[in-house]
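Topics are grouped by chain and by element.

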Amino acid sequence: MIPRHQQLLFGILLLTSLLMGVTLWHLRERAHQRMIAGQDSAPTSAPEVAPAEEATLLVANDSDGSLLTQVRSLPLSADPGARARAVLGKLLDLYAAPNATHPVPGGGASVLQVFFLPAPEIGAAKPHASPSQEQQQTGPQLAVVNLTGSFAANHPSGIETETLTVLSICGTLHANLPRVTQVRFLVDGQPRATLAGHADLTRTYLAADAAPHP
Amino acid sequence: MRWSNWSLAILVAGGVAGQPALAQQAPPAPAAPPPRFVVVLDAAHGGNDTGGHLNDNQLEKTLTLAMSVRLRSLLAARGIQVVTTRESDVTLDPNKRAEIANRSEAQACISLHASEAGSGVHLYASSLTPAQPVRFAPWKTAQSAWVTRSLALEGVLNSALLQAGMSVTLGRTSLPSLDSMACPAVAVEIAPELGSDKKVATELDDPDYQARVASALVAALLEWRTDAGRAEGHQP
């Protein structure tokens, strides 16, 4: 025989458990509704923060191994890093599009960062002590392009395809930021031996090597 | 000193017995040895490094090894000495490949690759800036003293492949093993042949296609040997 006070206690606990369950379910529904409402209010396209300008892209073509110049209108920021990311993003978006002349998956999100350093002299035995303020503002620059690991991992393997990707990035940077004379690459912030087994990513590339075909 | 005594002895003998005796006693002058002509075949990738994934799950490392074996046989049959960087599915780092090539003092180094991207045969020489040869060259840019010769070899290969009716793409690139080779070096990348509709007309694993590429490469290397003979061996 169960004492009456224990029956009463059991009933209260059961009722409390049911109430807590209902409350939790209700809170979860409210959170879900808030999340859906937040998604609905997100912009479907990125706001244009800068006026559209003409950007020159060096677009690779696998069928004849060429780099062809294309001029596109893009919103470009005055900040060199953001400007570089925008033009490279557009270039890689073209490569990720269906029927691309140089198919490479990944798109514009594959460029994590582009930052700039004073370009060291080619063949200099040792770097200069420190470039002057004027040199830093007007002298040639070394662009460091930081790509995502997934871009490198999914890049098609081959000498031609990898070389064209590297050269088109170098040439596009130089065409839009003429002070960029040298380019180096990082993948997820780290040096990497090759892009996808062939093109050397440990060396400094000269932008002049990426001249477009006439 | 020994040479002087020997010469003196011949002269003395000649002086005693006259010119005909000298002609009979002197050893026949050895014929000039034919110039040594060595070709290095570097089958790219291997072992853990599979290279690219080609159609029908074929790996780049398998196709490059097959092409290397085929070329080695064809070249050896024509009396050309061949050094290969690998004969089986083993992992080789780029430095080891360049080391094998540099030890062989070859007149031509061919790095064999394959890719699904592009069309026909792609020929690539190093993108290093040509430089004057020096006694001790930096390892990573050893090819810079040979770039001019590598571009000449690329031209000979291009002519032979075009003559065989293949589409060829020429270019310059930066490959770690190629840049460290101290010999005329060209990377040969074989891709499927595309038709006029830009669709694949001949697959990479087509034995006839591989045979045509190999024959054209052999013809080019025979031509290069003739040129090298005229130019008196290798030089940067």
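Two strands are taken to pair if DSSP finds at least two bridges between them. By that criterion, E5(A) and strand E6 (residues 205–206) of chain A form an antiparallel pair over 2 bridges. The model is a predicted one.

**Sheet and domains of chain A**

- Chain A carries an open sheet of 4 strands with mixed pairing, in the order E3-E4-E5-E6. Its edge strands are strand E3 (111–118) and E6 of chain A, each of which pairs on one side only.
- Strand E4 (residues 141–147) of chain A runs parallel to E5(A), and 7 bridges join the two. Within this pair, A:Val144 has A:Arg184 of E5(A) as its bridge partner.
- Strand E5 (residues 180–187) of chain A is largely enclosed by the rest of the structure, because 6 of its 8 residues are buried. A residue counts as buried here if 20 or more other C-beta atoms lie within 10 Å of its own.
- Helix H2 (residues 80–96) of chain A lies across E3 and E4 of chain A and runs at about 135 degrees to E3(A). Helix H5 (residues 159–176) of chain A also packs on the sheet, where it touches E4, E5 and E6 of chain A; its direction makes about 135 degrees with that of E5(A).
- Chain A is divided into domain 1 (1–42) and domain 2 (52–123 + 131–210). The C-alpha centres of these two domains of chain A lie 55 Å apart.

**Overall composition of chain B**

- Chain B has 7 helices and 8 strands. Of its 236 residues, 42% are buried.
- Among the contacts in chain B with a separation of 6 or more, 74% are between residues 24 or more positions apart.

**Sheet of chain B**

- Six strands of chain B form an open sheet with mixed pairing, in the order E2-E1-E3-E6-E4-E5. The edge strands, each pairing on one side only, are strand E2 (81–84) and E5 of chain B.
- On average, neighbouring strands of this sheet are turned by 25 degrees against each other, direction ignored.
- Strand E1 (residues 38–43) and strand E3 (residues 108–114) of chain B run parallel and are joined by 5 bridges. B:Val39 has B:Ala108 in E3(B) as its bridge partner.
- Helix H4 (residues 94–104) of chain B lies across E1, E2 and E3 of chain B, at about 175 degrees to E1(B). H5(B) lies across E3, E4, E5 and E6 of chain B, at about 170 degrees to E4(B).

- The buried residues of H3(B) include B:Leu63, B:Met67, B:Leu71 and B:Leu75.
- An α-helix has 3.6 residues a turn, so residues three or four places apart point the same way.
- A glycine with positive phi, near 80 degrees, follows each of these helices: B:Gly79 after H3(B) and B:Gly165 after H5(B).

**The loop residue B:Ala137**

- B:Ala137 is placed in the loop between E4 and H5 of chain B. B:Ala137 counts as partly exposed because 18 C-beta neighbours lie inside 10 Å.
- Leaving aside residues up to four places away in sequence, B:Ala137 touches B:Ala142, B:Ala145 and B:Ala182. The C-alpha atoms of B:Ala137 and B:Ser180 are separated by 9.5 Å, although these residues are 43 residues apart along the chain.

**Contact between the chains**

- The contact takes 18 residues from chain A and 23 residues from chain B. On the side of chain B that touches chain A, strand E4 (121–126), strand E5 (168–173) and strand E6 (185–190) of chain B are the elements that give two or more residues.
- E5(B) gives the most to that side, with 3 residues. By class, the side of chain B that touches chain A has 13 polar, 6 nonpolar and 4 charged residues.

Definitions and conventions:
Residues are numbered from 1 along each chain as its sequence is written. Chains are lettered from A and ligands numbered from 1 in the order in which they are written. This is a predicted model: local features need pLDDT of at least 70, side-chain atom pairs count only at pLDDT 80 or more; totals for chains, interfaces and linings use all residues. Two residues are in contact if their C-beta atoms, placed from the backbone, lie within 7 Å. Ala, Val, Leu, Ile, Met, Phe, Trp, Tyr, Cys and Pro count as nonpolar, Asp, Glu, Lys and Arg as charged, and the others, Gly among them, as polar. A residue is buried if 20 or more other C-beta atoms lie within 10 Å of its own, exposed if 12 or fewer, and partly exposed in between; C-beta atoms are placed from the backbone. Axes are lines fitted to C-alpha atoms, for helices over the stretch in contact, and angles run from 0 to 180 degrees between N-to-C directions. Domain bounds come from an automatic or database domain assignment.
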